[in-house]
Amino acid sequence: MDITVNGQARSFEGDPEMPLLWYLRDELGLTGAKFGCGAGLCGACVVHIDGVASFSCVTPMTVAEGTQVVTIEGLSPDGTHPVQAAWQQLNVAQCGYCQAGQIMQAAALLAETPAPTDADIDAAMSQNICRCGTYPRIRAAIKRAAGQGA
Amino acid sequence: MAALENVSRRAVLLGLGAGALVLSLGLPSLAQEPEEPLKFGADAMPHGWRDDPRLFVSIAPDGTVTVTIHRSEMGQGVRTSIAMAVADELEADWSRVRVAQAPGDEPTFGNQDTDGSRSLRHFFGPMRRAGAAARQMLREAAAAEWGVPVDDVVAENHVLSHAASGKQAGYGDMAARAAEGEIPAREALVLKSPDRFRYIGRTDVGLIDNPGIVTGTAIYGMDAKAEGMLFAVVARPPVVGGRAVSHDAEAALKVPGVQRVVMIDPPPQPSAFQPLGGVAVIATNTWAAMRGRDALNIQWEDGPHGAYDSEAFKAELEQAARSTDGVVVRNQGDALAALQQAQRKVEAEYYIPHLAQAPMEPPAALAIIRDGRCEIWACVQAPQVTRVRVAEKLGLPPEAVTVNVTLLGGGFGRKSKPDFAIEAALLSREMDGAPVKVVWTRDDDLHHGFYHTVSVERLEAALDDSGRPVAWLHRTAAPTIGSIFAPDPMQKLPFELGMGLTNMPLDIPNVRAENPKAQAHTRIGWYRSVSNIPHAFAIQSFIAELAHEAGRDHRDYLLDVIGPARKIDPTELGDVWNYGEDPARYPVDTGRLRRVIETATEAAGWGREMPARRGLGLAAHYSFVSYVAVVAEVEVGEDGSVRIPAAHIAIDCGPHVNPDRIRSQMEGAVIMGSGQALMSQITFARGRAQQNNFDTYPVPRMDTAPREIHVHLVGGGDYGQPLGGVGEPGLPPVTPAIINAIFAATGQRIRRLPVGNQLSS
């Protein structure tokens, strides 16, 4: 199976039912995408598959085959994507474990909807859980990254 | 970058090397001796505190300062805040400050139990001293090098200078010489005056782990790696005390990638921090291990707790809370007589279910055993406990076990228990010492937790003609955390009772608190703010009920019942624990409690007209020697759904080290508390936890969490005052504030958590 991860061509020969998350983490050593629920319920594992924010923990390799996957490690060469910058400026993170998934979700939202409303933010970001409770800062950081102040 | 570096592997000049760290293990304990005066804070913890800056500060030849952090980072910002304290007193340039994480080694580093909201409370002073001592040693080295009096050498912002001669040097230039110097005595250190602080109290110091977090390179326990690493998941008995009687190892071994199937013996009960036992599957990747586990077809024997049922147990606790044979844990005046004679009496019972900490990172640990040594990488809140327990299990001396602490993807008390690290060590041993990483799934986390206890709190009050309480009876029935350590203790421990029950500071002449018996049928553990959750929920709900009965405004009534500003010795309230703090330095100060209530209510516009089905609710609570009040605004839909458009939270936690992290902890507390109020609970049937994942254990999300959270920091200017806790005290008043707001909005009083669909009838 061929797949492109962060611009690099890869091939995979393991269990075709293996979720992309475990391929990224265990086979490629890309541990930025996190394991939180294994059921598409918490969003810690979100990566971009052909530009679409996706739960890698429930995406079998058969589905990921032939796609372009971008993980948090590949979002920007040096951590300066506007979403990453806003996250740092507002000290969004507490424990930080969910934030890779949050950032990938937010980056996909802004790519699709450059000036999201609160309702847009609710709809996209409610797919991700933060147990520390950083939601107010996530919302503010998305608005900042969108150039709406905050 | 935020890569976790093992301090013992760093090349250091000022600072001890790896060999010295090992040697220091032989030092005698500095813990309390019987003849000594009572100690508190860092000095009173196991192994006490050593004033030796070389343990915590190292300076490389290029001047890079590395601060060793001995407390676990789990979102409270401790790696940043401790570094701020050290760097400030050291007069270090923040851009040249790094952190390294200490391994579990309490004799060297002092207490490492990252719990109890005490990292800064206990170590702000000691860490300032470490920075000040290192600066003093640098100045002395420069003075000796230059042949000038030390008093004429200034250390400022990473530069040493001597004005008269015009000599200057960087910290890196003097570090080697400084490391050879004498360590200044604690009493001889001169700390900076707060008006000269560079970082302490500033709001704009970024998190030291930010770069790693936003680029996905920060390393958590789940991310630990080693060459040739194997991956394991464990099928654990679904009922505590149960065991696997049969399993199909062959079926699991047929899954490609599965290497071994290993039985882990169940521990004797009560099992403290030991793994629950079960059947482990070890594979070349996590997915194969999980698939192998699915194929095991295990037959379980459930043991004595196989009938544990939450509905039946609730009835049992209610019966206990209505009985009169509980242990009396506080008795002031004669509450029973006053209740008997009362014309106006109010009584209510509150139910608070089990909760799971459910940190976003489920437990995970990597272990390697080689050459008679075990090395662990794990997301643990108590690495020193992990070290000792792993050593015991493997039959090694503690010095042969190294516990490296990764970042923790949330802890909330779950990761104080090192069962998962012990599992990793046992499985590595089974694989001849090969690196084995144990991964817990979310189902594992919710099914095999150390849960927050389940409580029935019964309150009775007698009111005088004005509606003010003259008698107060509180019975708390809840399994104790002590039940994981001792067989059926049945009674709550002093520290549990001291979390808002015995030390309740209301100005009521007759007060009685009782603790009837309750048996544990699952593992009970610490959960952020612990027993303050049920106590604060019950007391703060009940006061609102009394205010309603008295026909009075809730805020005015609460302030009235708290009474005038006064400092109460907690021992007079029957609380001998006082969060381990000196009762003289940390009295219960009702003036501070009043002030946070006044601040939060004024900010929230208390008393303003509210639209239909909207209401404001108030609660306040003293815990972890800090004072917090919350005003929640709720809107209850016609369908019974609850929105929380705004909340105000005011905290007085004494002096502020890192105000932005105080704010973030309060924001998080409001959101976590809203989950406890509205949606989260663990229930048991046939001895088994019924919730599997975030579908059945819902927690707040962006669209259900409180929207506008306003944090008000009260007090804090005087750095001569003792620090209060921050990580936990925000949580207890949130839930009752929301429940009181629901009453204000609807007239419906919720006494059973969570609200769930109780408003939709």
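Biologist: What does the secondary structure of chain A come to?
Modeller: Six helices and five strands. Helices here are DSSP runs of H or I with at least four residues, strands are runs of E with at least two, and both are numbered from the N terminus. This is a predicted model, where local features need pLDDT of at least 70, side-chain atom pairs count only at 80 or more, and totals for chains, interfaces and linings use all residues. Residues are numbered from 1 along each chain as its sequence is written, with chains lettered from A and ligands numbered from 1 in the order written.

Biologist: And which pattern does chain A follow along the sequence?
Modeller: Chain A reads β-β-α-β-β-α-β-α-α-α-α.

Biologist: What size of box do its C-alpha atoms fill?
Modeller: Roughly 45 × 25 × 25 Å, taken along the principal axes.

Biologist: Okay, how many of the 150 residues in chain A are buried, as a percentage?
Modeller: 61%. Buried means 20 or more other C-beta atoms within 10 Å of the residue's own, exposed means 12 or fewer, and partly exposed is in between, with C-beta atoms placed from the backbone.

Biologist: Switching to chain B, what domains is it divided into?
Modeller: Domain 1 is 7-215, domain 2 is 221-303 + 363-439, and domain 3 is 310-355 + 450-746. Those bounds come from an automatic or database domain assignment.

Biologist: What separates the centres of domain 1 and domain 3 of chain B?
Modeller: 38 Å, taken over C-alpha atoms. Their contact takes 20 residues from domain 1 of chain B and 21 residues from domain 3 of chain B, where two residues are in contact if their C-beta atoms, placed from the backbone, lie within 7 Å.
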